[in-house]
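Subject: Model handover

Hello,

Here is the model for you to look over. My notes follow below.

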Amino acid sequence: MTLLTIKGMRVEFPSRRGHVTAVQDLTLEVAPGEILGVVGESGAGKSTIGNAIIGLLEPPGEMTAGEITLKGDRIDTLDDVQKRAVRGSRIGMIFQDPLTSLDPLQTVETQLIDTIRENLGVSQSEASDRAVALLDAVGIPDPAIRIKQYPHQFSGGMRQRVVIALALCGEPELIIADEPTTALDVSVQAQILDLMKGLCRDRNVGMILITHDMGVIAETADRVAVMYRGRVVETGTTEQIINAPTHEYTQSLISAVPPPGRRLARFPLVTYIEDAQERPEGLDLATHWLGQSRDYGAASETLLDIENLHMRFVTRASIFPSKRLFIDAVKDVSLSIKSGEVFGIVGESGSGKSTIARMVTGIYKPTSGSIRFAGQEITGLSRQDAAPMRRQMQMIFQDPFSSLNSRMRVRDIIAEPIHFHGLAASNDEAQKIVGDLLDVVGLGAQAAQKFPHEFSGGQRQRISIARALATRPRFLVCDEPTSALDVSIQAQVLNLLKDLQQELNLTMMFISHDLPVIRQMCDRVGVMRNGQMLEVAETETLFTNPQHEYTKHLLDLMPKFTGFGAQAAE
Amino acid sequence: MISFIFKRVFQSVIVMLTVALIAFALFRFVGDPVNNMVGQDTTLEERAELRDRLGLDDSFFVQFGRFAKNAAQGEFGISYQHRRPVSELIAERAPATLELALISAFIATAIGIFMGVYTAIHRTALLSRAMMTISLIGISLPVFLTGILLILLFGVILRWLPTFGRGEVVQLGWWSTGLLTTSGLKALILPAITLALFQMTLIMRLVRAEMLEVLRTDFVKFGRARGLPDRYIHFKTALKNTMVPVITIIGLQLGAVIAFAIVTETVFQWPGMGLLFIQAVREVDIPIMAAYLVMIALIFVVINLIVDILYYVVDPRLRVDRAATGH
């Protein structure tokens, strides 16, 4: 017997400019104990399905057609009070970000007990016993002690376990997990996915797993529904979808996932998406920047040389030295990057990889150690002396939304570093450079007149790249440049970076937590954990013959998803 | 936490010393104290002797030290106008002002929070819109005008409530209270409402804005998704999270209510410290002005300290030693 049936669901968001249809013609089924993966890119309507099932669509959104039945009961036509009775006790939900899903001002115990009592109507002491048992079930050590703590005392992965425990409080028959592991590190992600699989099996609970990550789907789901622009384009068993997708969109989506197993010259693009664009062919990059070439000398063999770099942050200040607390974000790291090389740094969050990038670009001042750029020591330089160095190195940040000033036009954003470093004689000249740069990154010169909010995440990241190129740098620091992007957009942006790196002979420091991406992009890789550089090796050597235990561990955790493209090629 | 409180107390002492210095400067630079104290027919010798007796010939620092020491013990000298110790006058008037201020702060907080929560939850309801409109009026009308309008309506036209004074008071030790007699309570209504109105609208708008913010957070959505009733989400989850920033404002406003009761007290001829101060200004009664200045500063400093400690009570993220945080 099926647990959940959705027939012909349609969700609309009325707006002044007519109705926006977020989901249409949706038909899905979930059996008890089964995990149904719903996969798609941002804007495909995945989260809307979850909200519609549980009856929490953001107004003015509403379900305008179709029906949802849970074990034979219609649940979409219930009134508010009855819907609330369904939430929690029949359907549980897990959200993406464990850091914001818990009430910061109440203990885990209060949140669990109140939820249990509200849903099951049991006594305080029984609820308390159940709460401890639930924490134990989701794998939290010392549950009787930990339950008294507040959410901020748990790590990200532990918090997501608490969230799962809370979702299980009312003993639901169905769980909707909306990107449950997107905010977590790879190793934690694997544990949480295992936990969720085990819980579904043991408790015979059905699950809808909403994600954009094909790797997660491949490891967890029994069946998959692929969504594109509010419609399900294909449904099937996980094996069939991954190995023999029939729909064109599914095929290109799967082939766009960077394969962890081997290195490709270029990332395959999701050609099904209409606005996928490559930059115009035949642009001669040598003539850009108005024919000016870089005005600094030929690159030496080693461009960046870091020795014994150390960064210590004070986490508690005190007048007594013994009471002060520090965190050593980067401990004694040495590395050197050759001219024209792409050097990757990989590690989990908190490993200190971004801190290195920030010290190299001069955002942080290192506690000790030396950074030599093109043979010159840059750690002790004054602002003025550092300016010509800064011009030669530029940074691309992770979040394309917060790294562009939303009050400035694109032309001013890109022209800002040109003016700051005095690289153009006049504003007209600067604007010509801006136009050229926008052509180079594939946006077209007409984009200069617009504001950042008119662009999508991938396009904004292209603007960031154009801005980074504006000062004619020879060294680019890319800090997780594609982590916030969909897989199809990621492929485009990485291809662009790769092309630019080759054509302009750029040297790059490429920071990522994503091993497959690192493998495609980098010549050499350093692996970091807890501020220490554990291993540095040629990329292929690292992936085929890792030396350090931790590297082996990371490679083991890497999603085993090889992808349709890889299968087809074999 | 202890080092934090220690630091705040230290800062408070510096603030108090600065205020004391300003208050002390009043004596030195606003008129000649001897001239203010004696009549016109006092001889020069008598004046010099008085000057010597009062220690006005000592150096600046000695005099300031003496002033600060006396002030710390609550001694501000003798009022020129009333010929009585200032501390006695203030102790006599303080209950009236404190009763008025606390009652109106209570009204403002209780009604303000209630209306803030209501308008945040029922954003489009007719009653919410009415409250928002009224609050706009409350925030734009100056206090003296509200007071006069209330007097006109309830005192002159309807003749329901008295328009000035405190009514009958009952003496409880040194504290005189108007809360135990009908006429005292009746006299309190109009000034308390006048004083509360502005704070109430401020608190209401603040609570509403914060609450709307909190209702959009993930943990509220997650609470709904696991079937918690609206009442629980609104009051146990959302309101508690709303209170963190609201506490600061309420604390500061309580100080403001006490300090700026002057206008209300003048309009309603309320026999409190504000009225005493206004009369002192008119008569250049410097000891009272100095004492009032120091006392109001003390009230602000103490309230601020309490607010800071309240943060720790409300927000567990501050309470726990950061070193113990798991990573």
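pLDDT is the predictor's confidence in each residue, from 0 to 100. This is a predicted model: local features need pLDDT of at least 70, side-chain atom pairs count only at pLDDT 80 or more, and totals for chains, interfaces and linings use all residues. Residues are numbered from 1 along each chain as its sequence is written, while chains are lettered from A and ligands numbered from 1 in the order in which they are written.

Confidence

Chain B has a mean pLDDT of 84. In that chain, 95% of the residues reach 70 or more. Residues 321–327 of chain B have a pLDDT below 50. Beyond near neighbours in sequence, that stretch has twelve contacts in the model; two residues are in contact if their C-beta atoms, placed from the backbone, lie within 7 Å. Where pLDDT is low, the predicted coordinates should not be read in detail. The scores for the model are ipTM 0.75 and pTM 0.78.

Chain B

Chain B contains 14 helices and two strands. These are DSSP runs, numbered from the N terminus (helices: H or I, at least four residues; strands: E, at least two). Along the principal axes, the C-alpha atoms of chain B fill a box of roughly 85 × 65 × 35 Å. The chain has 327 residues, and 34% of them count as buried. A residue is buried if 20 or more other C-beta atoms lie within 10 Å of its own, exposed if 12 or fewer, and partly exposed in between, with C-beta atoms placed from the backbone. Take the contacts in chain B between residues at least 6 apart in sequence: 70% join residues at least 24 apart.

Chain B is assigned domain 1 (18–72) and domain 2 (91–322). Such bounds come from an automatic or database domain assignment. The C-alpha centres of the two domains of chain B lie 39 Å apart. Their contact takes ten residues from domain 1 of chain B and seven residues from domain 2 of chain B. Helix α1 (residues 2–29) of chain B supplies the largest share of the domain 1 side, six residues. That side has eight nonpolar, two polar and no charged residues. Nonpolar covers Ala, Val, Leu, Ile, Met, Phe, Trp, Tyr, Cys and Pro; charged covers Asp, Glu, Lys and Arg; the others, Gly among them, count as polar.

Chain A

Chain A is divided into domain 1 (1–90 + 173–244), domain 2 (99–171) and domain 3 (295–569). The C-alpha centres of domain 1 and domain 2 of chain A are 24 Å apart. Eleven residues from domain 1 and 13 residues from domain 2 of chain A make the contact. On the domain 1 side, helix α7 (residues 186–203) of chain A gives the largest share, five residues. By class, that side has eight nonpolar, three polar and no charged residues.

Now helix α6 (residues 156–168) of chain A. Eleven of the 13 residues of α6(A) are buried, so the helix is largely enclosed by the rest of the structure. Among the buried ones are A:Met158, A:Arg159 and A:Arg161. The buried residues of α6(A) pack against β6 (91–94), α3 (108–120), α4 (124–137), β7 (174–178) and α7 of chain A.

Between the chains

The contact takes 25 residues from chain B and 34 residues from chain A. On the chain B side, α9 (218–225), α10 (230–259) and α14 (316–319) each give two or more residues. α9(B) gives the most, with six residues. The chain B side has ten nonpolar, seven polar and eight charged residues.

Best wishes
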